[in-house]
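Dear colleague,

I am passing on the structure below, and my notes on it follow. Please read them with the coordinates open beside you.

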Amino acid sequence: MNVIGEKGVQRILSVTAFSAISALLLIALFILNEGLPFIFRYGLHDFLLTSDWEPQAGKFGIFPMVAASVWVTLGAMVVGAPLGIAGAIFLSEFVPKSVMRVVKPTIELLAAIPSVVYGFIGVMVLAPLIRTYLGGPGLSLLAACIILGIMILPTVISISIDSIQAVPQSYREGSLALGATTWQTIHMVTVRAAKSGIIASIILGMGRAIGETMAVIMVAGNAVKIPHSALDSVRSLTANIALEMSYATGLHREALFATGVVLFVVIIILNSVAIVALRKRVAKK
Amino acid sequence: MHRRMIVLLSIFVIASLMGGCGKSKTSITLAGSTAFQPFAEKLAEQYMSTHANVSITVQGGGSAVGVQTAISGAAQIGMADLVVLPEEAKQLTPTIVARDGIALVLNPANKVINLTMQQVREVFNGKIKNWKEVGGADSPITVVSREAGSGTRSSFEQIVTEISLTKDALIQDSNGTIRETVANDPNAIGYLSHGLLNDKIKAIKIDGQECTTELITTGSYKLVRPIYLLVKGTPLGEVQNFIDYILSADGQQTIKANGLIPAK
């Protein structure tokens with residue numbers, strides 16, 4: 001009886017486990033099925049590298065959106081990665097465990113704030129500040145970078161902390177015993193040993209930044225053009241899909257799915273790199 | 001604990017099944033224009049309060065969706081706020097139920113109060129880039145427009161004519177976010193449904209004509225679009241009754257009281 005029960009539970013669990021994987025597979029198949037024919041017909045080169053997006057006129061060049069997504073993501077890294085890594089080093093090396101137990105969950109709570117709230121703060125506070133002090137329309141690449149930089153902090157900080165804490169205590173002791181100062185130990189030994197984990201945290205942060213939609217729609221202004229300065233308005237790949245999806249029919253709709261294919265491929269590449277980096281860390285341990 | 005849950009659940013299931021029984025209701029679905037959606041909801045509510053045998057569902061999705069769903073039959077009535085109906089809408093029976101003015105709006109801090117149609121065209125085409133060229137302060141113009149496919153945008157471009165929107169234009173995806181953007185940016189210009197004006201933004205005159213209910217009704221104010229209800233074939237039974245109700249004095253009063261211009 002007991003054995004049968006055990007087997008049954010095992011079956012059920014494996015079915016649930018596979019349902020997640022099959023959902024991923026179905027989504028991938030669906031997007032590819034809807035988007036790839038368009039890419040083949042329109043031409044990958046024309047689709048990715050021309051910069052006229054005029055759905056009504058049958059022009060579907062997503063280069064401005066690709067450029068925008070790249071800049072927004074890089075900008076978010078410039079804002080978020082140094083802050084996140086510095087925060088992680090400080091929290092894991094300089095702060096007593098008791099403080100850490102309060103601060104780390106608090107930072108992770110940042111991830112629980114809905115992105116529409118970040119967007120709202122961006123529109124109400126950040127955009128007017130940028131417009132008043134730096135010029136331009138305010139809703140801009142810069143605003144998107146800053147908001148996304150903050151949004152990726154929890155990802156960067158918590159994974160970096162985990163990997164820094166995974167560095168064996170003996171490494172630090174060895175370095176200190178050789179006469180290195182605390183700072184020398186941190187940047188020459190601890191951070192170097194935790195390098196792959198920190199890189200993985202940045203890549204996962206990038207994945208989050210490139211996939212973020214709501215906050216970017218709200219703060220980036222969504223103009224379809226290649227940005228010439230950080231104060232220009234831009235439209236990311238995700239924003240392009242979300243903005244036009246509800247009206248799109250026919251070829252336009254297929255072009256949006258094709259945009260989805262591009263995003264999907266980029267995110268899969270980023271995540272695979274992150275997984276490889278994290279695996280390296282485990283192997284080292 | 002478990003038993004109680006099961007009992008509760010079965011009561012819930014039985015109750016919801018019974019809800020579906022009873023007298024058979026005629027159900028009508030409206031879909032399309034987000035500009036007319038709130039009005040359709042209000043009208044449907046009023047109609048259902050006097051006609052218990054009809055159940056009306058109102059969905060948004062935009063004018064393009066209104067045309068598509070009316071053709072496919074997914075909705076009995078499609079709503080569209082377009083100046084020129086697309087080619088494929090030829091097979092549908094259109095009824096104009098209301099008119100809606102499109103107001104050109106600026107931030108209240110902006111001193112400009114009038115633009116000619118030609119100036120509007122050049123601002124949105126990106127030829128006029130600074131407010132001082134049209135009598136305002138020396139600051140760059142931020143053009144704010146709707147996304148491709150929006151009924152308001154198509155109507156605006158069809159009435160103003162010869163618009164190829166500047167690439168610098170910010171794009172917002174609803175009347176509400178256009179209003180927020182213009183309310184927050186002293187240099188912005190945008191357009192939205194006349195029914196959605198409030199005191200955070202100001203509507204300007206076009207060719208000297210103010211955007212008011214009177215001037216829209218008389219036809220002096222040019223930026224006006226019709227709101228169509230589209231039905232496949234000839235409207236019959238409750239569908240026709242509901243459209244008749246919207247066109248009745250009561251229905252038109254509701255439309256007027258909430259900021260749209262009556263059809264008649």
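This is a predicted model: local features need pLDDT of at least 70, side-chain atom pairs count only at pLDDT 80 or more; totals for chains, interfaces and linings use all residues.

Two residues are taken to be in contact if their C-beta atoms, placed from the backbone, lie within 7 Å.

Residues are numbered from 1 along each chain as its sequence is written, and chains are lettered from A and ligands numbered from 1 in the order in which they are written.

**The two chains**

Helices (H or I, at least four residues) and strands (E, at least two) are DSSP runs, numbered from the N terminus. Chain A has 13 helices and two strands, and its C-alpha trace spans about 70 × 70 × 35 Å along the principal axes. Chain B has nine helices and twelve strands, with a C-alpha trace that spans about 75 × 50 × 30 Å along its principal axes.

A residue is called buried if 20 or more other C-beta atoms lie within 10 Å of its own, exposed if 12 or fewer, and partly exposed in between, with the C-beta atoms placed from the backbone. Buried residues make up 42% of the 285 residues in chain A and 43% of the 264 residues in chain B.

**The nonpolar core**

A nonpolar core is a set of buried Ala, Val, Leu, Ile, Met, Phe, Trp, Tyr and Cys residues joined through C-beta atoms within 7 Å. The largest such core has 145 residues, and those with the most contacts inside it are A:Ala143, A:Ile147 and A:Val219. Helix 3 (residues 63-94) of chain A supplies the largest share of this core, namely eleven residues. If neighbours within four places in sequence are left aside, A:Ile147 is in contact with A:Tyr118, A:Gly122, A:Leu126, A:Ala215 and A:Val219.

For the packing angles, axes are lines fitted to C-alpha atoms, for helices over the stretch in contact, and angles run from 0 to 180 degrees between N-to-C directions. Angles under 35 degrees count as roughly parallel, over 145 as roughly antiparallel, 65 to 115 as roughly perpendicular and the rest as oblique.

The axes of helix 7 (residues 153-165) and helix 10 (residues 195-211) of chain A come within 8 Å and cross at roughly 160 degrees, which means that helix 7 of chain A is roughly antiparallel to helix 10 of chain A. For composition, Ala, Val, Leu, Ile, Met, Phe, Trp, Tyr, Cys and Pro count as nonpolar, Asp, Glu, Lys and Arg as charged, and the others, Gly among them, as polar. The residues that meet include A:Ile159 and A:Asp162 in helix 7 of chain A and A:Leu204 and A:Arg208 in helix 10 of chain A. By class, the contact of helix 7 of chain A with helix 10 of chain A has six nonpolar, six polar and two charged residues.

The axes of helix 3 and helix 7 of chain A also come within 8 Å, crossing at roughly 40 degrees, so helix 3 of chain A is oblique to helix 7 of chain A. Among the residues that make this contact are A:Gly80, A:Gly84 and A:Ala88 of helix 3 of chain A and A:Val156, A:Ser160 and A:Ile164 of helix 7 of chain A. The residues of the contact of helix 3 of chain A with helix 7 of chain A divide into eleven nonpolar, six polar and no charged.

**Where the chains meet**

At the interface, 18 residues of chain B are in contact with 22 residues of chain A. The elements that give two or more residues to the side of chain B that touches chain A are helix 3 (63-72), strand 7 (170-172) and helix 6 (175-184) of chain B. That side of chain B has five nonpolar, seven polar and six charged residues.

A:Val123, in helix 5 (residues 115-133) of chain A, is buried, with 21 other C-beta atoms within 10 Å. Not counting residues up to four places away in sequence, A:Val123 touches A:Met218, A:Val219 and B:Glu180.

**Two backbone angles to check**

Most residues other than glycine have a negative phi. B:Thr161, however, has a positive phi of about 65 degrees although it is not a glycine, and phi of B:Glu162 is near 55 degrees, again a positive value in a residue other than glycine. B:Thr161 lies in the loop between helix 5 (151-160) and strand 7 of chain B, and B:Glu162 lies in the loop between helix 5 and strand 7 of chain B as well. B:Thr161 counts as exposed, with 8 C-beta neighbours inside 10 Å, and B:Glu162 is exposed with 10 other C-beta atoms within 10 Å.

With best wishes
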